[in-house]
Amino acid sequence: MMPKQERRAPSPPADEPAPTSVGGSVLSEDERWMDLALQHARNGHPSPNPHVGALLVKNGQLVGVAHHERAGGEHAEAGAIRAAGDKAAGATLYVTLEPCNHHGRTPPCTDAIIAAKIARVVVGVRDPNPNVEGLGVEKLRAAGVDVTLNVREPQARASIAPWQKHITVGLPYVSLKLALSLDGRIATRSGASKWVTGPDARAKVHLLRSRNDAVAVGIGTALADDPRLTVRDAPGDSPVRVVFDTKLRLPIESRLVQTARETETLVLCGTDASQAAEDELASYGVECLRTSQSTEGRLDVQAALRLLATRGIVSLMVEGGAELAGSFLAGRFADELHVFVAPILLGPRGRAGAVDWAGPDTPQQAPRIATPAWELVGHDAYVHGPLVYPE
């Protein structure tokens, strides 16, 4: 049976806190204002910095709100203080991530908070960055600022999940996207796969692309589908395009190569890949990154991901094919799963398996979405959420 379309309450206006009751539970004032800060944190594209939202409230009224828009730009706290002006004195600051206490490309936010004479700071989650001294909360308390911690902590932590993995593990946060028919096929018996899902689902995929730093496919998908991997049916910028191509088989006439000067394109290849092929791809603007290979001759996924992380790629969406998806699941590198199921039947001779891997021995050992969210996207079912891997 098809899942019912998810019904969502409309977002509150930007100058109002969230509803006082969600799912039957009564929210505190701090939770309601933090929910609004979390909404603003979703804006912008600050990668490789984290998403952060901040707002200032005085006498129950919103007097300043901001989010971190771009890396190197004004931090959310500083933006909210600037927006509030003189009203910041004596106000309460709600911020989704602990204010920074170090000099980077911008001054410490703790200094700005103290200088603005803010009376109270409510923090969603503490800074997990092991490379930063942190202690922002301690500095604020030492200056006489009242600080409340961990308000909406699970939601605040989820909002920085890609950045947290990047700065603590040194790998990108990976979303794995799959599309298949009701009978688990990804293409017809002739190999045709355009289009298994409908236009609304494809627009959703474009939106997901726009929210990631990079999108990746295997060479099999690149050869079979000749994709563009750009954002066209949704607002937002196109991500970096990545092809896992051990032997450098990506054709010069492919759309990825022909548009490489318009949209950054990287090809991950093995250490023994043809230098002549690399030089030819480079002449079209494609950058080849050589990395180690597994004993089976495939690219070492962890080494490839670590290489992408050094290029500032914090979030990566993997769109296919089956072998690449299987490698990410087998190595437990996928953090989220996004699956689109079309209400069609492609038959027993259709191409089976959105994922090619050995798989678990029992259903209990299978990776699964921890808290699945189901939606209808056009006529297709869409389920997504964080992945967990049972021991």
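Helix α12 spans residues 322-330, and its buried residues are A322, L324, A325, G326, F328 and L329. Buried means under 20% relative accessible area, exposed means over 50%, and partly exposed lies in between, with a 1.4 Å probe and protein chains only. Helices (H or I, at least four residues) and strands (E, at least two) are DSSP runs, numbered from the N terminus. This is a predicted model, in which local features need pLDDT of at least 70 and side-chain atom pairs count only at pLDDT 80 or more, while totals for chains, interfaces and linings use all residues. Residues are numbered from 1 along each chain as its sequence is written, and side-chain values use heavy atoms, with hydrogens and water left out.

The cover over the buried residues of α12 includes the strands β8 (173-181), β10 (214-218), β11 (240-244), β14 (315-320) and β19 (380-388), together with helix α11 (301-310). Just after α12, R332 adopts a positive phi of about 60°.

Apart from neighbours within four places in sequence, L266 is in contact (heavy atoms within 4.5 Å) with V240, R241, V242, V243, E287, L289, L308, R311 and I313. Between L266 and A161 there are 105 residues in sequence and 24 Å in space, C-alpha to C-alpha.

At the level of the chain, the protein is divided into domain 1 (29-163) and domain 2 (170-388), with bounds from an automatic or database domain assignment. Taken over C-alpha atoms, the centres of domain 1 and domain 2 are 35 Å apart. Seven residues from domain 1 and eight residues from domain 2 take part in the contact.

The protein as a whole contains twelve helices and 19 strands. The C-alpha trace spans about 70 × 50 × 40 Å along its principal axes. Of the 391 residues, 48% count as buried. Among contacts with a separation of 6 or more, 69% come from residues 24 or more positions apart.
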